[in-house]
Amino acid sequence: MHLEPTMKQAVIRRTARKYAEERLAGTAVDMDVTGEFPMDVAREMAGLNYFGLEIPSKYGGAGLDPVSSAIVIEEVSRVCGAMGLCLAVHNGVSAFPVYQFGNEEQKREFLVPLATGEKIGTFCLTEPNAGSDASSLETVAVRDGNHFILNGNKIFVTNGGVSGINLIFCIDNPGEEKKRFSVFIVESERDGLEKGPSEDLMGMRGNPVCPIALNNCRVPMEHQLGKEGEGLRIALSTLSGGRLGIAAQSLGIAQACLDASLKYAKERHQFGQAISDFGAIQAFLANMATRIEAARLLLYRAAGLRSRGVEYTKESAMAKLYASEVAVEAARCGVQIHGGYGFTKAYPIERYYRDAKVCEIYEGTSEVQRLVIARNVLK
Ligand SMILES: Cc1cc2nc3c(=O)[nH]c(=O)nc-3n(C[C@H](O)[C@H](O)[C@H](O)COP(=O)(O)OP(=O)(O)OC[C@H]3O[C@@H](n4cnc5c(N)ncnc54)[C@H](O)[C@@H]3O)c2cc1C
């Protein structure tokens, strides 16, 4: 088993780190303060092919392997969590399922603009009464000739405020005893699709997470992704891959916490010495470094299985569960190392603390990841 990065992966990391440090540090602060999404920065990242990470070049993507894709998301998130979220969702649960389940016509029409970053994508599963239990969703799609008519309410749509293409999960035979789920590709400008205002988030601020309402939204039947009734299978399989993106995002935030804490601990003096000389601070740093490395290995192993086409549902849930908990713990320790300054906006650790928390919630809470893992280990 090879867990060391290849030469190409090392170059991808160096390039992504340089770009993120030079171009995203200011963006991260601005997004957090203003709550606004910088479209110009997104366009710039599209120029680097960061919106089509695993999509083959024939559809306009970068054609990267899953480990390289995780490295890019990790490095962007290390500097700017909100942009890391944009990339993780766009790549992992919007563009990739169109590549995996779409037909050639759908790939030409929707995948190319997604992979090139001309349009930003969303994944709309969650509803007011359907969170962890995705099977209880209430949005309906009713067939009308060559169209489906969609009605319902989606909430917490990452990238929603700036999206051009949305994957909408629905029940396609409302009223019948056995529920059947389908997914539709719906353009933002289609009549009947209405976006609500962005949420005022605790962290990841600047990512326009918003509700999307569907009021008699007519969608051509050719825009159905996969076959009728395949929606839940597509959602679950997509989330397995998407969790690698959230694990990578968590890892980037955790690494940012460690890097900021190492710097601060060497600079800050108390009792006539750097606080990094104290055993208690060293224990924090040692635990953070060890857990981050363990999270990285879990992530790369799961991504490696995905590269080889081997089943990786359990491994991606483990990577997401562990990395998100490591990020929250690293942020907590990081604030502690910064003392009172950690509780102010003078240092970025305060933002990392707020950004980290949601990694334990979206694309399946930690409790849901444990259910997925337990189901697999009990098999
Ligand atoms: C910033 C942000 C961005 C998001 N982006 C998206 C997106 O792009 N697309 C999308 O579809 N959704 C998105 N979500 C929604 C997110 O995936 C859900 O919030 C998450 O799945 C949990 O659902 P819920 O909030 O309804 O919580 P609930 O399901 O109501 O859960 C509440 C609590 O109960 C626990 N719980 C629930 N069921 C069980 C169980 N069986 N066993 C043990 N504990 C359980 C949960 O773990 C949690 O602690 C986003 C959310 C946020 C905050």
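Visitor: Hi! Where in the structure is Phe156 placed?

Guide: Hi there! In this predicted model, Phe156 has its place in strand E3.

Visitor: And is Phe156 buried or exposed?

Guide: Phe156 counts as exposed, because its relative accessibility is 52% and the cut-off for exposed is over 50%.

Visitor: What about the backbone there, what is phi of Phe156 near?

Guide: Phi of Phe156 is near 55°. That is a positive value, and the residue is something other than glycine.

Visitor: OK, new topic: the ligand. How many residues surround it?

Guide: The ligand is surrounded by 15 residues. Phe156 is among the closest, together with Thr126, Ser132, Thr365 and Glu367.

Visitor: Oh, Phe156 again! Which atom of the ligand is 2.8 Å from a polar backbone atom of Phe156?

Guide: A nitrogen atom of the ligand is at that distance, 2.8 Å, from a polar backbone atom of Phe156.

Visitor: How much of the ligand does the protein cover?

Guide: On its own, the ligand has 980 Å² of accessible area, and the protein covers 64% of that.

Visitor: Which elements give two or more residues to the shell around the ligand?

Guide: Those are strand E3, residues 147-157, and helix H10, residues 366-377. Strand E3 is also where Phe156 has its place.

Visitor: Which pocket does the ligand sit in?

Guide: The ligand sits in the largest pocket.

Visitor: Where is Lys154 found? Is Lys154 buried or exposed?

Guide: Lys154 is found in strand E3. It counts as buried, because its relative accessibility is 1% and buried means under 20%.

Visitor: One more on the ligand: how far is one of its nitrogen atoms from a polar backbone atom of Phe123?

Guide: That distance is 2.7 Å.

Visitor: Last topic: which strand does Asn216 lie in, and what is its phi near?

Guide: Asn216 lies in strand E7, residues 210-220. Phi of Asn216 is near 50°, a positive value in a residue other than glycine.

Visitor: Is Asn216 buried or exposed?

Guide: Asn216 is exposed, because its relative accessible area is 55% and exposed means over 50%.

Key: Residues are numbered from 1 along each chain as its sequence is written. This is a predicted model: local features need pLDDT of at least 70, side-chain atom pairs count only at pLDDT 80 or more; totals for chains, interfaces and linings use all residues. Side-chain values use heavy atoms; hydrogens and water are left out. A residue is near a molecule or strand if one of its heavy atoms lies within 4 Å of it. A polar contact is a pair of N or O atoms within 3.5 Å; within protein, one must be able to donate a hydrogen and the other to accept it, and residues adjacent in sequence count only if both atoms are side-chain atoms. Accessible areas come from the Shrake-Rupley method with a 1.4 Å probe; for residues, only the protein chains shown count as cover. On a 1 Å grid over the protein atoms alone, a cavity is a set of points where a 1.4 Å probe fits but cannot get out, and a pocket is an open set with protein on both sides within 12 Å along at least five of seven lines; lining residues have an atom within 4 Å of a point. A molecule sits in a cavity or pocket if more than half of its atoms lie within 2 Å of its grid points. Helices (H or I, at least four residues) and strands (E, at least two) are DSSP runs, numbered from the N terminus. Buried means under 20% relative accessible area, exposed over 50%, partly exposed in between (1.4 Å probe, protein chains only).
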